[in-house]
Amino acid sequence: MQVLIINGSPRKNGVTAAVLHRIEENLRGAGIEVLFYNLEEMKMSHCTGCNYCYRIGHCCMEDDAELLSKRIEEADGIVLGSPTYASNVSGLMKDFIDRGHFVMEQLLHKKYCIAVASGENYGSQDTLKVLKNLVLFSGGRLSGQLRIQAGFNDLEGMMRKRKSQIDQVAQSFIRAMKLKQCYPIQSIIHFFIFHLGIKPFVKKKGTLYQGIRGKWSKLGIT
Ligand SMILES: Cc1cc2nc3c(=O)[nH]c(=O)nc-3n(C[C@H](O)[C@H](O)[C@H](O)COP(=O)(O)O)c2cc1C
């Protein structure tokens, strides 16, 4: 079993990283292989909006965003973490969301996910919503979420207050992956989003979106 943890903060030792590393410890303790990525350390350009990925099935830029997207395809679980920047995800995380071609491709199809948003004052609920919607719209199974309100660099205080909650979320994520837990309400919401929104749209685009249809058939999505 393999889990990818993606830190969308430019700070490798910040609040988001501390939460994600605590989740990592839980996962490793359960014998799960973990790949931890700091987006800050990766070579990743902005999306240029060329639509090549929809037509061909992968990005035209062979950088680390594409590599991460391939790693996600192979993983059983994904943990996405971002600090709040102006009531949204960080620029790094936004670039990765754009470059990862998540939603159309259904990149998170049946993958177990945790969304983590940190913030200092107001707006982290919006950050969390962006990450949760990304999971749901991309076919993932949201097994846990954490909204961490913490003073800038107050790692000790944050850990003291939130450690047991972080551990609980990590442990139920592990259980969900092991038992292949289903989430009926999420499945119903995703059914409508996919069958009434995404699928008719992709069909209408014809050969311009043939890369997407290729990805779906590999995943067994009809
Ligand atoms: C450019 C910038 C914008 C920010 N905007 C917000 C915000 O809108 N709301 C908020 O609660 N915190 C905001 N913060 C604070 C960070 O989200 C918060 O300190 C976060 O926990 C930092 O995470 P990190 O230590 O993982 O980098 C902002 C910080 C920066 C640098």
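An oxygen atom of the ligand comes within 2.9 Å of a polar backbone atom of Glu-120, a polar contact being a pair of N or O atoms within 3.5 Å. On its own the ligand would expose 640 Å², and the protein buries 78% of that (accessible areas by the Shrake-Rupley method with a 1.4 Å probe). The model is a predicted one, in which local features need pLDDT of at least 70 and side-chain atom pairs count only at pLDDT 80 or more, while totals for chains, interfaces and linings use all residues. Residues are numbered from 1 along each chain as its sequence is written, and side-chain values use heavy atoms, with hydrogens and water left out.

Around the ligand there are 16 residues, the closest being Ser-9, Arg-11, Thr-16, Thr-84 and Tyr-122 (a residue counts as near if one of its heavy atoms lies within 4 Å). By class, this shell holds six nonpolar, eight polar and two charged residues, with Gly counted as polar, Tyr as nonpolar and Arg as charged.

As for where the ligand sits, that is the second largest pocket (more than half of its atoms lie within 2 Å of the pocket's grid points). Pockets were found on a 1 Å grid over the protein atoms alone, as open sets of points with protein on both sides within 12 Å along at least five of seven lines, and lining residues have an atom within 4 Å of a point. The volume here is about 300 Å³, taken as the space filled by probe spheres set on the points. Of the 20 lining residues, Pro-83, Thr-84, Gly-119, Glu-120 and Phe-152 are closest to the centre. The lining splits into six nonpolar, 12 polar and two charged residues, and H1 and S4 each supply at least two of its residues (helices being DSSP runs of H or I of at least four residues, strands runs of E of at least two).

Then there is the largest pocket, with about 360 Å³ of space. Its lining has 18 residues, with His-109, Lys-110, Gly-139, Ser-187 and His-190 nearest the centre. Helix H7 (residues 184-205) gives the largest share of that lining, six residues. Sorted by class, the lining of the largest pocket comes to seven nonpolar, nine polar and two charged residues.

Conventions
A polar contact is a pair of N or O atoms within 3.5 Å; within protein, one must be able to donate a hydrogen and the other to accept it, and residues adjacent in sequence count only if both atoms are side-chain atoms. On a 1 Å grid over the protein atoms alone, a cavity is a set of points where a 1.4 Å probe fits but cannot get out, and a pocket is an open set with protein on both sides within 12 Å along at least five of seven lines; lining residues have an atom within 4 Å of a point.
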